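Open the model in your viewer and keep the selection tool ready. The tour makes two stops.

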Amino acid sequence: MLRYTFRRLLTAIPTLFLIVTISFFLMHVAPGGPFDMEKGIPPEIKKNIERVFHLDLPVWQQYLEYLWNLAHGDLGPSYVLLNFSVAELFRIALPISAWIGFWAMVFALVLGTVLGVIAALRQNRWIDYVVIAIATFGSTLPTYVTAPVYQIIFGVLLRLTPVGGWGDGSFKHAIGPIIILGLPQLAIVARLMRGSMIESLSANHIRTARAMGLSEYAVIVRHALRGAILPVVSYAGPAMAQLITGSIIIESIFQIPGVGRYFIDGALNRDYTLVMGTVVMIAVFTIIFNFIVDLLYAVIDPRVRYE
């Protein structure tokens, strides 16, 4: 297991290197620069500003300098928010995005798993059709539609939760973003769980367990559910990485000061270091959660071994 862990950590390094390299050069291929939108700025002052941030160097030199700084944990300064470094912005925004994303994933996993299991146990009955309808509804309606509808109903008409904003960071400000962010994930988890559970219930070892006189609870929870949950675990890793690093649409609609808003601001203003920092952070979290999923496989299914 230790060899497997060490090997996976080593393979993560070239993966991260490729992501950083491709993202860096793609971003510099796009027209415009961080200070092109400044109106009325004299060319001499603009050149001086670019010299301060080393933007006057050839792209390959900027790339090598960025790699060197990244290897030392330095994500660089923000070109637009001049009083902050990218690391400082993430220290402020990442806990907010991670908190909302974590609970959105918990909401989706718990409710989606329960709905999927119920639908599988009641296959082709009315409750199965209701779950399929909910899953279809959740996976087809985009969040930029469900979020305003939620704000109108629960924020404006019923006044149960704030329409937007982060306020003092209390839970009532996070309820809307958590539900809207988790709805598409809930739909996918429910569909995955239903299909996997139906397949698991028809397996030979389940029929053998029932023939041996085990209770229905033991058959479903100990045997069928354990094998059926593997596809959900595979999906949950990358999904968790995506959710906790911020949602551009949700954070923009609910005015949440998370990573997603900084990313869109950085992309619109050509803030190279802020965009690159976001890309690196998402890549690192994706690698970490994929690694955790691989380890969980061995825990859930003892047949899986990495030795």
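Is the crossing in which α8 passes α9 left-handed or right-handed? It is right-handed: the near helix is turned clockwise from the far one by less than a right angle. Before you select anything, note that this is a predicted model, where local features need pLDDT of at least 70, side-chain atom pairs count only at pLDDT 80 or more, and totals for chains, interfaces and linings use all residues. Residues are numbered from 1 along each chain as its sequence is written, and side-chain values use heavy atoms, without hydrogens and water.

**Stop one: the helix pair**

Select residues 204-211 for helix α8 and 216-228 for helix α9. Helices here are DSSP runs (H or I, at least four residues), numbered from the N terminus. The two axes, lines fitted to C-alpha atoms over the stretch in contact, come within 10 Å and cross at roughly 150°. On the scale of 0 to 180 degrees between N-to-C directions, α8 is therefore roughly antiparallel to α9 (over 145 degrees).

Now show side chains. From α8, His205, Ile206, Ala209 and Arg210 make the contact (heavy atoms within 4.5 Å). Their partners on α9 are Glu216, Val219, His223 and Ala224.

**Stop two: the rings**

Select Phe24, Phe25, Tyr63 and Tyr66, a cluster linked by ring pairs. Rings of Phe, Tyr and Trp (its six-membered ring) pair if their centres lie within 6.5 Å; planes under 30 degrees apart count as stacked, over 60 as edge-to-face and the rest as tilted. The structure holds ten aromatic pairs. In one of them, Phe24 and Tyr66 have ring centres 5.9 Å apart and planes at 35°, so the pair is tilted. Phe24 lies in helix α1 and Tyr66 in helix α3, 42 residues apart. Phe24 is buried (under 20% relative accessible area) at 4%. Tyr66 is buried too, at 8%.

Terms used:
Helices (H or I, at least four residues) and strands (E, at least two) are DSSP runs, numbered from the N terminus. Buried means under 20% relative accessible area, exposed over 50%, partly exposed in between (1.4 Å probe, protein chains only). Angles under 35 degrees count as roughly parallel, over 145 as roughly antiparallel, 65 to 115 as roughly perpendicular and the rest as oblique.
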